[in-house]
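Work through the exercises below with the sequence and the structure at hand. Each task is followed by its solution.

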Amino acid sequence: MRKILVRVIICCLFVVGITGIACWSDIIGPDDPDYIASLIEEALQVGEVQDPAQRILLLQQMANRRIEEIELMAAENKPEYIPGLVKAYEVIVQNIEDSIDQTTVEVDLSEALEAVSSGTAKHTEVLEGVWDEVPDEAKSAIEHAIEVSKTGRIVALERLSKIQEGEVPKGKPEEVPKGKPEEVPRGEPGGMPGGEPGGMGKL
């Protein structure tokens, strides 16, 4: 949990801004004076959430915002901010993937996984449209973001498929069964012919 919070805070380092107070419902870009404050607010909200499924949903909302901000910077012809936003998006998607992997089987992730699957599919669609609008120097960053979104969707779909097929009860992927320990014949606790409880055998 602490690792995820630290990663989210580090996202602030990938984009530019200064302190201020912003409402998270408003879409602002990294050129806005209130932008860093909005990122800190996001990180604090993630840190307060204990439920793994709700945390994934919150991280997905953050990913949605980074895509909206990328789209905004492209529309305002400010491509210099796009690489930082893409990096922040990548960190968030990685946090989502890690949260899915680390969630125990007692937690139902179905709703969260469906949100990630549909959300990342929408991200890919938006980014492909943005790619046509940005100058050449920003296209490689957009291409990378498209790959990140596709990978995130694959991770969510694979887990969701296993849940729906009953291979995984709820959250975490099935663990590889551990091999049974070699049985020791009765009367030979030490595992040696004629062994006594001390395991040295009869002399």
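**Exercise 1.** State how Glu69 and Arg66 interact and whether they are buried or exposed.

Solution. Glu69 pairs with Arg66 in a salt bridge, with 2.7 Å between the closest N and O atoms. A salt bridge here is a side-chain nitrogen of Lys or Arg within 4 Å of a carboxyl oxygen of Asp or Glu. Because Glu69 and Arg66 are three residues apart in helix 3, about one helical turn separates them. Glu69 and Arg66 are both buried (buried: under 20% relative accessible area; exposed: over 50%; partly exposed: in between; 1.4 Å probe, protein chains only).

This is a predicted model, in which local features need pLDDT of at least 70, side-chain atom pairs count only at pLDDT 80 or more, and totals for chains, interfaces and linings use all residues. Residues are numbered from 1 along each chain as its sequence is written, and side-chain values use heavy atoms, leaving out hydrogens and water.

**Exercise 2.** Describe the salt bridge between Lys87 and Glu90.

Solution. The closest N and O atoms of Lys87 and Glu90 lie 3.6 Å apart. Lys87 and Glu90 are three residues apart in helix 4, so about one helical turn separates them. Lys87 is partly exposed at 34% relative accessible area, and Glu90 is partly exposed at 24%. Elsewhere, salt bridges with shared partners join Glu42, Arg65, Arg66 and Glu69 into one network.

**Exercise 3.** Which parts of the chain does the pair Lys78 and Asp31 link?

Solution. The side chains of Lys78 and Asp31 form a salt bridge (2.3 Å, N to O). Lys78 is in the loop between helix 3 (52–75) and helix 4 (82–102), and Asp31 is in the loop between helix 1 (2–10) and helix 2 (35–48), 47 residues apart.

Conventions: Helix = DSSP H or I, 4+ residues; strand = E, 2+ residues; numbered from the N terminus.
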